[in-house]
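Morning, everyone. Please have the sequence and the model open while I talk.

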Amino acid sequence: MKVALITGVTGQDGSYLAELLLEKGYMVHGIKRRSSSLNTERIDHIYQDPHDENPRFKLHYGDLTDSLNITKIIQLCQPDEIYNLGAMSHVKVSFDIPEYVGQVDALGTLRILEAVRLLGLEKKTRIYQASTSELYGGMPENKNEKGFYDENSSFYPRSPYGVAKMYGFWITKNYREAYDMFACNGISFNHESPRRGETFVTRKITRAVARIALGQQDKFYLGNLDAKRDWGHAKDYVRMMWMILQADKPEDWVIATGETTRVRDFVVLSFREVGIELEFIGSGICEKARVAYCSDEKYQLKIGKEILSVDSQYFRPTEVDLLIGDPTKAKKKLGWLPEYNLSSIVKDMVKSDINLFKN
């Protein structure tokens, strides 16, 4: 039985990955930070009582800022595969706590790699490092001839989060070359699901749609509506993470859909799921959206009601306007194809949040 260790197991990606690996017959260990409040709702359905005779899913308290703790857990688990998904991953918040982001997202990666090396597991343990499209910074000169970002595009991170993740990327590559470790970077573009954190823009939108449609909220606020992102489904992306560690040799990979959508269009698609059409007025920080039409008898709002305004406090100090990835390498060499499109992602998220707030 293969053994996997997942940092960030209580997050969106960690929970879906744990499900996938359990389905494939793995023994799965997950690391979660100690908190006075429970934050395991994404994995409660797969949690097993530690008193069970042979549990295949175990949780360990740990923190990527604590090298001794990380080393102890790796020594205990003796994993065949490590998926480092733990991070402070909110770009806007990274400007507020840049030192902490560096400790977790940059040096946390080093702590895992060095623990594997010191424990003599570099020939046994394969390592997946969760990298990010924020490495590219949305700079137009970095794109390939098709206008996309791929594995050969240069980096220009535009946030403390992106800078910390760039260290994580390069230290993973360095340990691969210096110590012949099977260590890979997966450069994931934006990926969403009903388990996405509430402060991320897509989930903020679908939660607001549900609450407004149900009469529980009047309006909400967003930042740059013209920002474009390459949005995929987290289930597709964690499947790719697993495929990366099953490859014949360690490499770095872009995980993306190759399609891009404006934040404004994500808002429109989300409200259409509850039969509400929007009209946008104004531009820039003066832009607003109001109800133009309601076709679902369950969700009737007053025509002309203002439900969205732009608020400059949600703009980043250095804005990244466009991110779109080129998944050609993954498709050709690994045979990976996404099973979800944007429409199905939006439908999945809005339906889930409607049910959440109904209850």
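Start with Asp-252. Is Asp-252 buried or exposed? Its relative accessible area is 8%. Buried means under 20%, so Asp-252 counts as buried. Keep in mind that this is a predicted model.

Where does Asp-252 sit? Look in the loop between α7 and β11, the strand at 253-255. Now see what surrounds this residue. Leaving out residues up to four places away in sequence, Asp-252 touches Glu-151, Phe-169, Lys-173, Arg-176, Cys-184, Asn-185 and Lys-329. Check Ile-187 too. Ile-187 and Asp-252 are 65 residues apart along the chain. Their C-alpha atoms are separated by 7.5 Å.

Next, helix α7, residues 234-245.

How many of the 12 residues of α7 are buried? The count is 10, so the helix is largely enclosed by the rest of the structure. Here are the buried ones: Ala-234, Asp-236, Tyr-237, Val-238, Arg-239, Met-240, Met-241, Met-243, Ile-244 and Leu-245.

Now two helix pairs. Take α2, residues 67-77, and α4, residues 98-118. Their axes come within 9 Å and cross at roughly 50 degrees. That makes α2 oblique to α4. The crossing is right-handed.

Which residues meet there? From α2, we have Ser-67, Ile-70, Thr-71 and Ile-74. From α4, we have Arg-111, Ile-112, Ala-115 and Val-116. By class, this contact has 5 nonpolar, 2 polar and 1 charged residues. Look at the spacing of those numbers as you read them. An α-helix has 3.6 residues a turn, so residues three or four places apart point the same way.

Who makes the contact? On the α8 side, Phe-266, Leu-269 and Ser-270. On the α10 side, Leu-342, Val-346, Met-349 and Val-350. The class count here is 6 nonpolar, 1 polar and no charged residues.

That's my tour. Thank you.

Notes:
Residues numbered from 1 in each chain as written. Predicted model: local features only at pLDDT ≥ 70, side-chain atom pairs only at ≥ 80, totals over all residues. Heavy atoms only, no water. Axes fitted to C-alpha atoms, helices over the stretch in contact; angles between N-to-C directions. Helix = DSSP H or I, 4+ residues; strand = E, 2+ residues; numbered from the N terminus. Parallel < 35°, antiparallel > 145°, perpendicular 65-115°, else oblique. Left-handed = near helix turned anticlockwise from the far one by under 90°. Contact = heavy atoms within 4.5 Å. Nonpolar A, V, L, I, M, F, W, Y, C, P; charged D, E, K, R; others polar. Expected span 1.5 Å × (residues − 1). Buried < 20%, exposed > 50% of the residue type's maximum accessible area, 1.4 Å probe, protein only.
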